[in-house]
Amino acid sequence: MASENPEKPTWLVTGAQGFLGANAGIYLRGKARTIGLTRTGATPNLFDEGITGDLTHPGEIAEAIIERRPSVVLHAAALASHEACEADPALAERINVDATRVLAQAAQEAGAQFIYISTDAVFDGARGDYTETDEPSPFSVYGETKLRGEQQALNETAALVVRTN
């Protein structure tokens with residue numbers, strides 16, 4: 001059973017202080033009950049509720065998802081810096097792959113639609129104009145871990161994967 005009020009869905013947005021997450025909060029205002037998840041819990045007037053969570057401890061976030069039973073989990077948080085991913089591939093794996101798997105499992109358990117925000121960095125850019133049927137060819141640790149995150153999301157639930165640039 002997803003949202004408590006079927007007329008107004010509940011969206012839980014990870015990375016609520018990031019560009020995409022914050023804009024999701026703005027867009028959803030009045031259309032849905034919103035829960036913004038950040039490392040600090042601070043979501044200045046963008047979300048109905050702000051909660052704290054760290055992707056290096058995804059079990060805590062999974063508990064919040066299962067407890068709140070949102071209609072949709074928009075997973076916009078990531079270790080997105082190419083430089084940080086190259087400097088610490090193990091951390092990139094924990095955040096972009098392992099945490100995604102745990103959150104997708106929790107969304108599945110809660111009956112929520114899981115939307116995974118990926119990246120065009122799953123392609124090397126050699127030719128451009130890629131489609132969803134093109135074979136990925138990541139050029140960086142960031143792209144590699146986001147691609148594995150896509151695979152984890154799709155393995156755990158009927159996820160929607162969105163590749164942004």
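Which handedness does the crossing of H4 and H5 have? The crossing of these two helices is right-handed. Before going further, please keep in mind that this is a predicted model.

**Helix H4 and its two partners**

Let us stay with H4 and H5 for a moment. They pack at an angle of about 15 degrees, with their axes 8 Å apart. Angles under 35 degrees count as roughly parallel, and H4 and H5 are therefore roughly parallel to each other. On the H4 side, the contact is made by Pro89, Ala92, Glu93, Asn96, Val97, Thr100, Arg101, Ala104, Gln105 and Gln108. H5 answers with Val141, Tyr142, Thr145, Lys146, Arg148, Gly149, Gln152, Ala153 and Glu156. Sorted by class, this contact has seven nonpolar, seven polar and five charged residues.

H4, which spans residues 89–110, also packs with helix H2, residues 58–68. H2 passes H4 in a right-handed crossing, and these two helices are roughly parallel to each other. From H2, the residues in contact are Pro58, Gly59, Ile61, Ala62, Ile65 and Ile66. From H4 come Ala99, Val102, Leu103, Ala106, Ala107, Glu109 and Ala110. By class, the contact of H2 with H4 has eleven nonpolar, one polar and one charged residues.

| Helix pair | Angle | Axis separation |
|---|---|---|
| H2 and H4 | about 15 degrees | 9 Å |
| H4 and H5 | about 15 degrees | 8 Å |

**The pockets**

Now for the open spaces in the model. The largest pocket has a volume of about 640 Å³. Its lining is made of 27 residues, and Gly15, Gly18, Ala76, Ala77 and Ala78 lie nearest the centre of the pocket. Which elements each supply at least two residues of this lining? They are helix H1 (19–28), strand S2 (33–38), strand S5 (113–119) and helix H5 (141–156). By class, the lining divides into 13 nonpolar, eleven polar and three charged residues.

The second largest pocket has a volume of about 210 Å³. You can find it by looking for Asp120, Phe123, Tyr130, Thr131, Glu132, Val161 and Arg163, the residues that line it. In this lining, three residues are nonpolar, one is polar and three are charged.

Definitions and conventions
Residues numbered from 1 in each chain as written. Predicted model: local features only at pLDDT ≥ 70, side-chain atom pairs only at ≥ 80, totals over all residues. Heavy atoms only, no water. Axes fitted to C-alpha atoms, helices over the stretch in contact; angles between N-to-C directions. Helix = DSSP H or I, 4+ residues; strand = E, 2+ residues; numbered from the N terminus. Parallel < 35°, antiparallel > 145°, perpendicular 65-115°, else oblique. Left-handed = near helix turned anticlockwise from the far one by under 90°. Contact = heavy atoms within 4.5 Å. Nonpolar A, V, L, I, M, F, W, Y, C, P; charged D, E, K, R; others polar. 1 Å grid on protein atoms, 1.4 Å probe; cavity = no way out; pocket = protein on both sides within 12 Å on 5 of 7 lines; lining within 4 Å. Points joined across faces, edges and corners; volume = space filled by probe spheres on them.
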